[in-house]
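Q: I have a model open and would like to go through it. Can we start with the overall picture and then look at details?

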Amino acid sequence: MSDDSADIRGRFLSLRRWRRGGRRAPHKPLLVLWAIGRCLRDEERLAPFAVVEQKLKELLATFGPPRQTLHPEFPFWRLRKDRIWEIDRPHLVRQTTSRDAYVRDLREHSIAGGFLAADYTTLRANPSLAHELANAILHAHFPETYHADLLQATGIGHFGAGTAPYQDIGQVAEGEGKGYKTSQRARDPDFKKDVLKAYAERCAVCEFSVRLEGTVLAVDAAHIHWHSCKGPDWVRNGLALCSLHHRLFDRGAFGLDDSLVIRVSARTEGPGWRESLGRFDGAVLPVVPKYKERPAPKFLDWHRREVLRPRSA
Ligand SMILES: [Zn+2]
């Protein structure tokens with residue numbers, strides 16, 4: 001592996017995260033993924049703030065936590081400190097007391113931002129490295145139920161031939177030994193087994209438990225407080241869910257209150273809504289494990305704050 005690609009991995013995979021009380025802040029990863037998508041499509045390196053603002057607002061509204069204000073200017077300005085990003089004419093931008101950019105200045109002067117020129121050249125010449133970085137960022141910040149949708153929304157598309165498969169990325173990064181750390185954590189191999197056992201291998205919501213030749217299919221062990229946000233691999237942070245309800249839960253289409261009553265977001269609709277989701281609103285979870293294995297309130301609270309979409313329209 002060349003020094004160039006080791007260096008670029010080191011910087012792209014150690015983005016400094018804004019942390020406060022376990023709140024999700026996916027601003028930087030979303031901006032980096034979108035910029036990688038531009039790079040893979042051979043678009044211009046620097047994008048005007050108005051373009052970034054519109055796209056990042058869409059991405060934050062779809063894939064970010066439920067918040068009133070979205071702040072696309074935060075990563076546009078702050079990513080520079082991660083040594084992967086630059087903006088043109090920063091001297092025209094005034095700073096707030098918290099050292100963020102005045103959005104009005106970014107708009108009025110049509111300030112443009114993008115990856116550093118050398119990195120951009122490296123990534124354009126090496127699309128499999130770009131895919132690898134995108135893959136590692138996805139795993140570090142989002143559950144797997146988000147990955148395909150995020151790849152599409154950021155224009156990165158599917159990983160091509162020659163790209164390391166998902167499960168190899170952490171090993172590749174660790175094996176490099178270049179003094180940087182990825183944000184990925186090892187997973188407890190017993191987590192899935194223990195969670196499925198606690199729920200008798202059924203989806204906790206719809207009780208789906210189809211087996212093929214004795215093996216249950218399409219029932220997952222979902223993390224309530226996401227693994228990528230430091231949620232532990234404990235049974236009390238798990239929920240057995242079919243593929244459909246896993247995806248709906250991770251995207252915040254429904255959540256649970258502390259007494260395990262299902263709360264469906266008022267912003268859900270569409271054909272099949274009642275059958276697959278609406279009919280469960282207000283019902284107690286049909287499959288509940290024994291007391292000491294039930295979802296713990298602190299994890300359910302995190303999910304309601306950071307993932308569940310609003311209960312009002
Ligand atoms: Zn289900």
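**Overall picture**

A: This is a predicted model. Of the protein's 313 residues, 35% count as buried.

Q: How many helices and strands does the protein have?
A: The secondary structure comes to 13 helices and 9 strands.

Q: What box do the C-alpha atoms fill?
A: Taken along the principal axes, the box is roughly 60 × 45 × 35 Å.

Q: What radius of gyration does the protein have, and what would a compact globule have?
A: The protein has 21 Å. A compact globule with 313 residues would be near 20 Å, so the value agrees with that.

Q: Of the contacts between residues at least 6 apart in sequence, what share joins residues at least 24 apart?
A: That share is 70% in this protein.

Q: Switching to domains. Where are they?
A: Domain 1 covers 3-176 and domain 2 covers 190-306. Their centres, taken over C-alpha atoms, are separated by 30 Å.

Q: And how many residues does the contact take from each domain?
A: Domain 1 gives 11 residues to the contact and domain 2 gives 10.

Q: Which elements give two or more residues on the domain 1 side?
A: Those are α7 (127-141) and α8 (144-153).

Q: What is that side like by residue class?
A: The side of domain 1 that touches domain 2 has 6 nonpolar, 3 polar and 2 charged residues.

Q: New topic, backbone angles. What is phi at E207?
A: Phi of E207 is positive, about 70 degrees, although E207 is not a glycine.

Q: Where is E207 found?
A: E207 sits in the loop between α10 (190-198) and β4 (211-212).

Q: Is E207 buried or exposed?
A: E207 counts as exposed, because it has 12 C-beta neighbours inside 10 Å. The cut-off for exposed is 12 or fewer.

Q: What about L260, what is its phi?
A: Phi of L260 is near 65 degrees, a positive value, and L260 is a residue other than glycine.

Q: Which strands does the loop with L260 lie between?
A: That loop runs between β8 (254-256) and β9 (262-264).

Q: Why does L260 count as partly exposed?
A: L260 has 17 other C-beta atoms within 10 Å, so it is partly exposed. A residue needs 20 or more to be buried, and 12 or fewer to be exposed.

Methods: Residues numbered from 1 in each chain as written. Predicted model: local features only at pLDDT ≥ 70, side-chain atom pairs only at ≥ 80, totals over all residues. Helix = DSSP H or I, 4+ residues; strand = E, 2+ residues; numbered from the N terminus. Domains from an automatic or database assignment. Contact = placed C-beta atoms within 7 Å. Nonpolar A, V, L, I, M, F, W, Y, C, P; charged D, E, K, R; others polar. Rg over C-alpha atoms; globule rule 2.2 N^0.38 Å.
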